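This briefing is meant for a reader who is meeting the structure for the first time. Please keep the sequence and the model in view while reading the points that follow.

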Amino acid sequence: MTDTIGLLHPGSMGSAFGTQLRASGHIVLWCPDGRSDTTRRRADDAGLEPEALPELVSRSDVLLSLCPPAAAEETAAQVAELCVAGTGAVYVEANAVSPSRVQRIADRLAPMPVIDAAVVGSPPVGGKYPTLYLSGPSKQADRIAELFAGSDVRPHVLGNRIGKASALKLAYSSYQKVSRVLAAVAYGAAETYGVADELLEIAAKRTGSYLVETDYIPKTAARAWRWGPELEDAATLLADAGLPDSLMHAAAATLARWDDNRDERLDIAGALEALRAQEEDLDNPR
């Protein structure tokens, strides 16, 4: 079955998704209005069909939003102004935005069904296979998953609750992307003091991700009282090296929320609850 997909808008990820959809026999539209020459070349190379936005919206069975996160709500608003109730189109919000923003988009587009989606992985080019997580009304979510059957995009339906896909994406990217920033400043500090090679040697001894070591969360809480001051000194190191120190101060402030739990034997749920309780105390000072 051939579907018509309106792609909003073909950046590096969007154009790669468009290529996959085209290879599966679907028609993929894009709107060239106000787009750069680079975007136009991407769309041409992917075999996408140019169309003015009103026609793109009216022709599409599926509207796939893959744009910069800051533009997600504006893009949805433009679509909402052009939609006619009962068209049968499905809107797929596939940007890295918070669950609350996805809900606002769904409310804005109602009664058009909205699927919350999230891409984890690199664009499907050169043998790479990103996962497209989907959550929302099951019938529409399954329909979107079917679009990518046999392609290099791996769909995975999380359930019928909007917000699950976007929460998963941001939970993962909050660790992944901040880790990259931390790696940059840590290496920069070591390089300033002539110990970059030794830092890499230490790091190479470890494999795997801290993210999977959830059993260490209570240990982090128990050690927060001495890790916090150490990170404040790390902030001084970075500042002395001419590097940003705000991440260290923020991490130390987070650790300080466990100060009252120094002598407690917490489990994972208890450690996380202690963080949430501190948040409530900050929001509601006595």
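In this predicted model, the side chain of Asp 116 reaches the backbone nitrogen of Ser 166 at 3.1 Å, and it also reaches the backbone nitrogen of Lys 164, at 3.4 Å. Asp 116 itself is found in strand β6, which covers residues 114–120.

**Surroundings of Asp 116**

- Asp 116 is buried and yet has no salt bridge, the nearest side chain of opposite charge being that of Arg 161, which is 8.5 Å away.
- When neighbours within four places in sequence are left aside, the residues in contact with Asp 116 include Ile 162, Gly 163, Lys 164, Ala 165 and Ser 166, and among the others are Glu 93, Val 102 and Tyr 133.

**The sheet that contains β6**

- Eight strands form an open sheet with mixed pairing, and their order is β3-β2-β1-β4-β5-β6-β7-β8.
- Because β3 and β8 (154–159) stand at the edges with a single partner strand each, one side of each is left without a neighbour in the sheet.
- Strand β6 pairs in the parallel sense with strand β5 (residues 90–93) over three bridges, and within this part of the sheet Val 92 stands opposite Ile 115 in β6.

- Strand β1 runs parallel to strand β2 (residues 27–30), to which four bridges join it, and Leu 7 stands opposite Trp 30 in β2.
- The chain passes from β1 through α1 to β2, and this β-α-β crossover is right-handed.
- Strand β2 also pairs in the parallel sense with strand β3 (residues 49–50), here over two bridges, and Trp 30 stands opposite Pro 50 in β3.
- The chain goes from β2 to β3 through helix α2 (residues 37–46), and this β-α-β crossover is right-handed as well.

**Cis peptide bonds**

- As background, most peptide bonds are trans.
- The peptide bond from Leu 8 to His 9, by contrast, is cis, with omega near 5°, and His 9 is found in the loop between β1 (4–8) and α1 (12–23).
- A cis peptide bond also joins Ala 110 and Pro 111, where omega is about 10°, and Pro 111 has its place in the loop between α5 (99–109) and β6, the strand in which Asp 116 is found.

Key
Residues numbered from 1 in each chain as written. Predicted model: local features only at pLDDT ≥ 70, side-chain atom pairs only at ≥ 80, totals over all residues. Heavy atoms only, no water. Buried < 20%, exposed > 50% of the residue type's maximum accessible area, 1.4 Å probe, protein only. Lys, Arg positive; Asp, Glu negative; His and termini not counted. Salt bridge = Lys/Arg side-chain N within 4 Å of Asp/Glu carboxyl O. Polar contact = N/O pair within 3.5 Å; in protein donor to acceptor, adjacent residues only side chain to side chain. Contact = heavy atoms within 4.5 Å. Pairing = 2+ DSSP bridges. Right-handed = clockwise from strand over helix to strand, strands pointing away.
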